[in-house]
Amino acid sequence: MLMNVGDLLEDVQREDAGVTSTAVLTADGQRVASTTSLETLLSKDFQILINDITYRVHSPVRDTESSEHATQLDDLKTMVHMLHTALHLPGHHLKKEKDLLEKLDSLRQDLLPLERVKAQIEHKAESRSSWGLWGGLAALSFQGGVLAWFTWWVYSWDIMEPVTYFLTYTTSMGFLGYFILTKQDFVYPDAKDRQFLHYFYRAARRERFDVQKYNKLKEEVAAVEENLKRLRKPIQLQLPIEQIQPKH
């Protein structure tokens, strides 16, 4: 009731080590899928190919069954499938979880040296982008001090007013140029992030940090963690408490 063509071929090869190639064909020579159940296979004559030698198999003639007997047989098959699933599914889940945990550990080991280099590069990029902001503040402070000195101690406001106008106009042109080049408004957090990425990728090239490899490993880790999360939901519904403690 549970075996299929694939199971049959595996049994043949397991029985005789000299068998190197096997296949099941229909009576007219069409290959039968390995997932086909033996019940379906035995409903008609078929051929089995073993080491390039074809053997014809004549299926036994079945007596016509009543509809009630067929229904009972179907119910029995359903029950057998349910029992098979109940007995083997938890073990399969545990094996799958073990494989995923081993893969996750391997990915994290590969990711660890990249994480260290990335942390160093991020620290340098953060420092340089922050120094850029402080430099801008210092430049504006210096400009304000110079304008104040010229206004109150050297010249007068009547003379300095056009100068401040042209400075404001030049600053507006600078903001417009920034928008033309970056297609973004000059917002201080966005500008800082842009400078951070600029310094980060430049330092990554200098340190030979493979950003694409790092991103690929991160995606694989996220996929494995998601698979573990999905797998542990049915496991926690079926296993004893001591077997579902969080893995460290």
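1. Isoleucine 50 has isoleucine 53 of S3 as its bridge partner. Strand S2 (residues 46–50) and S3 are paired in the antiparallel sense over five bridges; two strands count as paired if DSSP finds at least two bridges between them. Strands (E, at least two residues) and helices (H or I, at least four) are DSSP runs, numbered from the N terminus.

2. The model is predicted: local features need pLDDT of at least 70, side-chain atom pairs count only at pLDDT 80 or more, and totals for chains, interfaces and linings use all residues. Residues are numbered from 1 along each chain as its sequence is written, and side-chain values use heavy atoms, with hydrogens and water left out.

3. The open sheet has three strands in the order S1-S2-S3, with antiparallel pairing. S1 and strand S3 (53–57) are the edge strands, each pairing on one side only.

4. Helix H1 (residues 5–15) lies across S1 and S2 and runs at about 140 degrees to S1. Axes are lines fitted to C-alpha atoms, for helices over the stretch in contact, and angles run from 0 to 180 degrees between N-to-C directions; contact means heavy atoms within 4.5 Å.

5. Threonine 36 is located in the loop between strand S1 (22–26) and helix H2 (38–41). Beyond its neighbours within four places in sequence, threonine 36 contacts Asn4, Val5 and Leu41.

6. Mean pLDDT (the predictor's confidence in each residue, from 0 to 100) is 77 for the chain, with 79% of residues at 70 or more. Over residues 237–245 pLDDT stays under 50. Where pLDDT is low, the predicted coordinates should not be read in detail.
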